[in-house]
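The questions below go through one structure by topic.

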Amino acid sequence: MKFQTRHEQNANRKLYNSLIKKRIVLIAVIFAGLVLLLLMNISIGSSSITIREILRVLFTGEGTGHNPMIIMDIRLPMALMAVVVGAALGIGGCEIQTILRNPIASPFTLGISAAASFGAAMGLILNAGLFHVPDTLAVTVNAFAFSLLVAVAIYTFSRQKHIGKTAIILFGIALNFLFNALTMILQYIADEDELQSLIFWTFGSLLKTTWSKFFIVFIVLALCFLIMFKDAWKLTAMTLDDTKAKSLGVDVAKVRRKVIFVTSLLSAVAVCFVGTIGFVGLIAPHIARQLVGEDQRFFMPLSALTGAFIMSFAFVVSKIIIKGVILPIGLVTAVIGIPFFITIIFSKMRSMQ
Amino acid sequence: MGKIQKTTIALFLITALLISLTGCGASVKAGSFTGTATGYHGHLGVTTEIGEDGKITDITVDKNNETEGIGTVAMEKIPQRIIEAQSLGVDAISGATLTSNGIINAVADALKVAGADPAKYGYVPPPEEEKATAVAINKDAMPVKQEITSSVTVTDAKGREVAIDLPVSSYAISTMDVIDYIIPLKGEDAFNMLAASGQDGGNGIQKYEKLYTSTVGNYMEHVGQISEHNAPFDLEMILAMDPDVLIVNSAMSAHKYALEIEDQLKEAGIPIVLVNVPGKKLDKSVQQTMKLLGQIFQENEKAAEVSAFIDEQYALIASQNLSQRKDKPTVYYEKSGYSEIYGSTATSVSGWGLPISIAGGENIADALLLDSAASGGSGNQLDPEYVLEADPDYIILSGVNDGWLDCIKETKKCKYDIVSRPGWNNLTAVKNGDLYEFAHATSRSIYAFYPCLKMAKIFYPEEFAEVNPDAVLDEFFNRFMLLDSDITTWFYSLEDSK
């Protein structure tokens, strides 16, 4: 092995530093974009309120009629909810893809969303709540309980010895099919009104956001992010194959179990309040990976940022595409997500091979 | 001079000549002129007499294929109106819009033949396409809030105590059809006070706009849409429209969606009143709703009057003791079915099953679904074999042909593809022509007494020989509503499709 000269070491250090700097700038730019989208989301809505009025309400808390309530209690939590849900889905997708080394893995693929839909369907169609909660909360609580059930099932499954990453994905897909079939049985016996409500739920919508729901998602997101960010180096190592990661001293099985549990919890919380929102968890990590590579110190936050960015963007689109109508956001993310996904498959998928 | 220049000059001269020629024939000629336009059934010709002073003196509609009855009314009234007003800007006959517009267009055509400009007679050419854009909300047109003088506490359909400040100056409704309960109380003010409505599956907001704007003016400029079909309410829109009360009917999970936002609305001082039509007892739920709305709108007497009328109709049916009869005819109900797809049915405790049971029909769905179905026995499909086996005496449909408020007389012929199902030609009901359809939304409308009466008369013709359900309906419209009963086709039979 040839030793590097001091001069070469300095050059490498410089290169590394400039790379890091670039990434920080990139993250800052996307963050700025996100803030812009957030402001747009606060200013667009079904009632026409002028920008001046919005600023007045935001800074003084006072305004004419119900405007303060519209802005502070409806638009603001909804706009922020788009950010945290997008970030949660982005991180969820990013980490599941990392630990399973599979480019199509996401909370969706593992059946978490399907289970949430089934829980919601139980609440909407059978009017059955799992716990004794008020009617208006039954759907949310059911959705959460079932997605958590799947999370625990996957976790238990992954605890067994000799269970590899492929087996985990296959198990997730099996659960996905199971819960889809169960939901379809409920759909079959449902009457039209209930069916419509369920379809609406599965579209995903931010309309029901309240401050308390936002804070729940926000706190869970913050905790999960911190837990996983601590393992950033281990997770980066796990982008190599298992044996190499092990040789670097990473307890692969343990990290995998932990991350599966944390991301499932994260997705369950996000999904139960806003319904199933597809593709954000799948695309956001792919875009982030193209921009900063697999280094988790940047990959993880950027996935979150990208997810939040996509969600906020989709929310803006969902509000302006038809005047006076807020399209369910899940539809928008699917429609703008699919072309993205196809592009990724055709051009960039090599990086995951 | 080049060849191209010569050609250009020649073309210019020809164009100038043509322009000057068209200018020559601009004066109105007196005499008799014929014009044509498209009516409801093909071409419509009119002969228009124009006097020396350019006045329209006579209009005769030529022989045509327009519909007997309502179309004929248009042919008599529209020319009369045009001559009286000396204007083509007259209102169409409701229910015969296409025939009315056809006549107006034909007269405009005749005026052109006479060398007159139809626009001078107030003629507005038909728009290329129906404008799809919604009327923009005009904040200045919003109902003016009156000073609160008192308050009332009502018990709504779910037994909730709701306090409402009086007088109510503006209100919002979960779907547009709820306004039919408010029209008898407030008349045109029902529209003037309307601040917002939710949408239903049949674009009710636009249908009511089409039906009522000519009568009550452009009320849509102060009406916001607060929900999509069967979707959660748009809280922001409700707050922006700021109604004094939100009235929510039970259809399409609206009760559930309303209660989800109740806390926020309470904070904004907007109470929610839940009404329930059809409730578990159809023969009572309309009256209960009227009573509730009577209290809210301080029109108790009018509400009582409407209730009395409806009570009378149900009492008429009840007087025959149909529920005690042993010889009840068997009935199969289906929604939106056609030959290849079976629609859902309803048992005696829900939706269209309610009028069937009030009218003394034996619902064949009851035996199978009443105890077993998921949601209280409603909304399930029956096994096709079971329907054949049961061989019902009557088949009642809804949602097969034109929808609620789409008057079939002026649109298309009704069809019953459903009878092409395997084995259906041998069903007693089909053989006897006892297959009927009611306009779908009727069962949860204020007019629900009509299908009850009509079905009772169909099932028990002797007992109800004296009753004329259509006349009762007409009377209801004359006494309580703003328009005539021709707003929709209420009833079709298998005969109508032949």
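Q: How many cavities of 30 Å³ or more does a search of the whole structure find?
A: The model is predicted, and totals for linings use all of its residues. Within the whole structure, the number of cavities that reach 30 Å³ or more is 1.

Q: What is the volume of the largest cavity, and which residues line it?
A: The volume of the largest cavity comes to about 70 Å³. Its lining is drawn from chain B and includes B:Ser174, B:Thr175 and B:Gln199.

Q: Is strand β7 of chain B mostly covered or mostly uncovered?
A: A residue counts as buried under 20% relative accessible area. By that cut-off, 5 of the 5 residues of β7(B), which spans residues 194-198, are buried. The strand is mostly covered.

Q: Which residue of β7(B) stands opposite B:Ala172, and which residue of β8(B) is the bridge partner of B:Ser197?
A: Strand β6 (residues 171-173) of chain B runs parallel to β7(B), with 3 bridges between them. Strand β8 (residues 224-227) of chain B also pairs with β7(B) in the parallel sense, over 3 bridges. Opposite B:Ala172 stands B:Ala196, and the partner of B:Ser197 is B:Gln225.

Q: What is the handedness of the β-α-β unit made by β7(B), a helix and β8(B)?
A: The helix of this unit is α6 of chain B, residues 204-216. Together with β7(B) and β8(B), helix α6(B) makes a unit that is right-handed.

Q: What is the strand order in the open sheet of 5 strands in chain B?
A: Pairing in this sheet is mixed. Strands β12 and β15 (491-493) of chain B stand at the edges with a single partner strand each, so one side of each has no neighbour in the sheet. The order is β12-β11-β13-β14-β15.

Q: Why is strand β11 of chain B described as largely enclosed by the rest of the structure?
A: Strand β11(B) covers residues 330-335. It is largely enclosed because the buried residues of this strand number 5 of 6.

Q: Which residues of β13(B) stand opposite B:Tyr333 and B:Lys335?
A: Strands β11(B) and β13(B), the latter at residues 394-398, pair in the parallel sense over 5 bridges. B:Tyr333 faces B:Ile396, and the residue opposite B:Lys335 is B:Ser398.

Q: At what angle does α16(B) run to β14(B)?
A: Helix α16 (residues 449-459) of chain B is mostly covered, with 10 of its 11 residues buried. Among the buried ones are B:Phe449, B:Tyr450 and B:Lys454. The helix lies across β11, β13, β14 (435-438) and β15 of chain B, and its angle to β14(B) is about 170°.

Q: Which are the edge strands in the open sheet of 3 strands in chain B?
A: The order of this sheet is β1-β2-β3 and its pairing is antiparallel. Each edge strand pairs on one side only, and these strands are β1 (31-38) and β3 (56-61).

Q: Which residue of β3(B) stands opposite B:Ile50?
A: Strand β2 (residues 43-50) of chain B is joined to β3(B) by 5 bridges, and the two run antiparallel. The residue opposite B:Ile50 is B:Ile56.

Q: Which residues does B:Ser100 touch, not counting those up to four places away in sequence?
A: B:Ser100 belongs to helix α3 of chain B. This helix (residues 97-113) lies across β1, β2 and β3 of chain B, at about 135° to β1(B). B:Ser100 is buried, with a relative accessible area of 0%. The residues it touches are B:Ala74, B:Ile78, B:Ala92 and B:Ile93.

Q: Which residues is A:Ile287 in contact with, leaving aside neighbours within four places in sequence?
A: A:Ile287 sits in helix α12 (residues 280-292) of chain A. Its contacts are A:Thr306, A:Ile310 and A:Phe340.

Key:
Residues numbered from 1 in each chain as written. Chains lettered and ligands numbered in written order. Predicted model: local features only at pLDDT ≥ 70, side-chain atom pairs only at ≥ 80, totals over all residues. Heavy atoms only, no water. Pairing = 2+ DSSP bridges. Helix = DSSP H or I, 4+ residues; strand = E, 2+ residues; numbered from the N terminus. Contact = heavy atoms within 4.5 Å. Axes fitted to C-alpha atoms, helices over the stretch in contact; angles between N-to-C directions. Buried < 20%, exposed > 50% of the residue type's maximum accessible area, 1.4 Å probe, protein only. 1 Å grid on protein atoms, 1.4 Å probe; cavity = no way out; pocket = protein on both sides within 12 Å on 5 of 7 lines; lining within 4 Å. Points joined across faces, edges and corners; volume = space filled by probe spheres on them. Right-handed = clockwise from strand over helix to strand, strands pointing away.
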